[in-house]
Amino acid sequence: LRRLQRQDHTNVMGQIKERRVEFSYIIRGGLLLLLGLTFVLAQDPADSWLGYAKATNPSGAGIITYIEAKWIVLDKPKIDGAYFTPWFGIETSDNLNLLQPVNPWNYQYWEIYNEYFQWKPEHNYNSKSNKVNPGDTIFGSITYQTNNSYDLFVSSLDEGWSVTSNIEIQKENDVYKNFTFAYFVFEHKYPCAMYPPNDQVTFFDIRIDYDNTTVVPDWTTGYVVDTCDNRAHIINSTTVQITWTSGV
C-alpha cells in the first residue's frame, strides 16, 4: 500500500483521494455571490480501495486499544507488474488517520511492513520491510500505549522476521484523536488477471479490544472501486474473507 508508490501509476497509485462537495449560495441584499464553489475533502475509505469490511464497537463508545489478525500470503500472480495489497488497520473517527500492517505484492514479490497514513497535513510513514513467501502465515497487531501512541507489529510466523513501529497519535485542537474503527481491505485496481489466482484472502483469529475489553464487533461491508467482483464477506465474528475473480 505504499502511498508513494501510488504516485507512479495512473488511476491506482497516482490517485489523489478526494470527495468533492459542490455547493452554491447567494447572500441576498449583500455584495457576496458565490456559485459553484468546490471543496475537496480527502479521507478514507479512499478511492483506491476495492472490497472492504468495517468493524465498530456495538456500544458506540471507547477507543480501540488492541487488534490482531492473521492471514496467509497469497500465491504469486500469473502476470507480474502490479502493485496491490490486502491489509487491516485502525482509523480515527474522522477517517483521516490510518494505522496498518500491510502485505503488498510489490510488482514481483510479496513483502510486509507497517504503515501510517495521515491525510491532514498529509504524511506517510513506512517501516522497514521484508520479503515473504506464498503460504507464509502473517500475524499483525496494533496496541495502544499509555503515552498516547500505538505500537504496530507485523511478522511472518514462518520466516521469523518482524518489525515494530511506534506512532504518536495526532492531536486536533490540542486533543488526541480517537481510533474507533477497524478496516479489512483489498486495495488498488489492476486488470483481473494480474491478481493472485487464489481469488480470496482470509483474515482469521481477529481480536478487537475497546478500552481493554475484547468485544464482538458490529460488521459492515462495502466497496469503493467495483472491479473483478472484489467483495468482503463476514464469515463469523473473528473471520473476514475478501474474494475476487482473477479469471486465471
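This is a predicted model: local features need pLDDT of at least 70, side-chain atom pairs count only at pLDDT 80 or more; totals for chains, interfaces and linings use all residues.
**Entry 1: Thr85**

I began with Thr85 and located it in strand S5, residues 83-92. Strands here are DSSP runs of E of at least two residues, helices are runs of H or I of at least four residues, and both are numbered from the N terminus. I numbered residues from 1 along each chain as its sequence is written, and side-chain values use heavy atoms, with hydrogens and water left out.

I then looked up the accessibility of Thr85: its relative accessibility is 0%, so Thr85 counts as buried. Buried means under 20% relative accessible area, exposed over 50%, and partly exposed in between, with a 1.4 Å probe and protein chains only. A polar atom of the Thr85 side chain lies 3.2 Å from the backbone nitrogen of Asn103.

**Entry 2: Salt bridges**

I searched the whole structure for salt bridges and found four. The criterion is a side-chain nitrogen of Lys or Arg within 4 Å of a carboxyl oxygen of Asp or Glu. Side chains of opposite charge can pair when their charged atoms come close.

I noted one of them between Asp205 and Lys70, at 3.1 Å from N to O. Asp205 belongs to strand S17 (residues 200-210) and Lys70 to strand S4 (residues 64-72), so this pair ties together parts that are 135 residues apart in sequence. Asp205 has a relative accessible area of 39% and is partly exposed.

I next recorded Asp94 with Lys177, whose closest N and O atoms are 2.8 Å apart. This pair also links distant parts of the chain, 83 residues apart: Asp94 sits in the loop between S5 and strand S6 (97-102), and Lys177 in the loop between strand S15 (175-176) and strand S16 (179-187). Asp94 is partly exposed at 24% relative accessible area, whereas Lys177 is buried at 11%.

I also listed Asp226 with Arg231, where the closest N and O atoms are 2.9 Å apart. Arg231 is partly exposed, with 24% relative accessibility.

**Entry 3: The whole protein**

I counted one helix and 21 strands in the protein. Of its 248 residues, 49% count as buried. I took contact to mean heavy atoms within 4.5 Å. Among contacts between residues at least 6 apart in sequence, 66% join residues at least 24 apart.

Conventions
A polar contact is a pair of N or O atoms within 3.5 Å; within protein, one must be able to donate a hydrogen and the other to accept it, and residues adjacent in sequence count only if both atoms are side-chain atoms.
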